[in-house]
Amino acid sequence: MPHAFLLHLTSSDPRPLRYPGLYAHGLFFALLGKLDPALAAAVHAAPRKPFTLAALEPSPPAGRGGEVVLRITTLDDGLFGPLLGVLLREGVDGLALGDHPYRLARVVATPQGSPLAGRRTWEELAAAPPTRCLRLRFRTPTVFATSKPGRRARHTPLPDPLLIAKSLLSSWQHHSPLRFPEVEAAALLAVFELDLELTRFADLRFERAQAAKGFFPGFTGAVEVHCHSDSLEAQRALGILQAYAFYAGVGAKTAYGLGLTTPY
């Protein structure tokens with residue numbers, strides 16, 4: 001089942017982290033390698049990563065870089081338990097983010113501890129109430145990567161309704177054991193292309209964020225996407241995708257901190 005949990009890391013080093021998303025990505029695979037090198041290699045090579053990572057601002061702010069909060073979600077049913085176990089074991093001796101030494105101070109895995117933590121079974125996500133309106137808050141910069149002629153990538157840092165729905169549906173089809181039949185998924189995409197409309201946005205901001213080896217344009221803010229179709233299948237799918245966004249994120253580079261998304 002998908003899980004979302006927070007790691008509170010503390011350090012005596014006052015220097016702020018320059019590239020927290022990149023360092024968190026490296027830490028994730030270092031821990032996974034200690035758990036199972038073959039699993040780490042397989043996950044690293046996977047075109048679609050079964051996890052997301054994001055570095056969050058501590059609340060209240062830490063001031064001089066002495067605390068980092070990492071949010072991790074896992075979409076692979078066999079990944080959460082072993083990963084948490086190796087985190088608790090290795091966190092006692094210290095965890096490295098780049099050249100900064102950190103210790104694991106706290107793990108938050110329930111919504112009682114943080115609204116950004118929790119877990120849902122695939123069956124619970126598939127039973128989400130139907131909706132005609134996606135209401136999503138993009139908390140970290142979000143960008144969509146699409147192909148251009150010559151195998152070049154186009155980066156779209158805008159809340160395009162079709163790209164939002166297509167990103168979530170594609171992820172659901174890849175990771176969920178309860179995926180839509182191919183014919184139904186194709187029909188949903190056709191409905192989304194014709195009948196989705198951006199009807200509201202708030203606090204929309206543009207910024208560039210570091211991910212992997214480059215910087216990418218992205219947007220943050222809250223949006224509402226309305227579906228004009230009367231299709232009950234489309235409304236059911238939108239309800240599922242809205243609930244799933246909490247764990248999957250939206251867009252490209254979610255394993256590096258981009259695309260952290262929550263329903264509202």
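Me: Let's count Ala, Val, Leu, Ile, Met, Phe, Trp, Tyr, Cys and Pro as nonpolar, Asp, Glu, Lys and Arg as charged, and the others, Gly among them, as polar. How does the lining of the largest pocket split by class?

Reply: The lining has 12 nonpolar, 9 polar and 4 charged residues. This is a predicted model, where local features need pLDDT of at least 70 and side-chain atom pairs count only at pLDDT 80 or more, while totals for chains, interfaces and linings use all residues. Residues are numbered from 1 along each chain as its sequence is written, and side-chain values use heavy atoms, leaving out hydrogens and water.

Me: Handy! Which elements supply at least two residues of that lining?

Reply: Strand E2 (51–56), strand E8 (144–148) and helix H5 (161–175) each do. H5 gives the largest share, with 6 residues. Helices (H or I, at least four residues) and strands (E, at least two) are DSSP runs, numbered from the N terminus.

Me: Changing topic: is strand E11 mostly buried or exposed?

Reply: Of the 14 residues of E11 (214–227), 11 are buried, so the strand is largely enclosed by the rest of the structure. Buried means under 20% relative accessible area, with a 1.4 Å probe and protein chains only.

Me: And which strands does it pair with?

Reply: E10 (196–211) is joined to E11 by 13 bridges, running antiparallel. E7 (133–142) is also antiparallel to E11, with 7 bridges. Two strands pair if DSSP finds at least two bridges between them.

Me: What sits between E10 and E11?

Reply: They form a hairpin with 2 residues between them, and Ala-212 in the turn has a positive phi of about 55 degrees.

Me: OK, the largest nonpolar core. How many residues does it have?

Reply: It has 38, and those with the most contacts inside it are Ile-164, Leu-168, Trp-172, Phe-180, Phe-192 and Tyr-244. Such a core is a set of buried Ala, Val, Leu, Ile, Met, Phe, Trp, Tyr and Cys residues joined through side-chain atoms within 4.5 Å.

Me: What about the second core?

Reply: That one is separate and has 36 residues, including Leu-84, Ala-211, Ala-255 and Leu-258.

Definitions and conventions
Buried means under 20% relative accessible area, exposed over 50%, partly exposed in between (1.4 Å probe, protein chains only).
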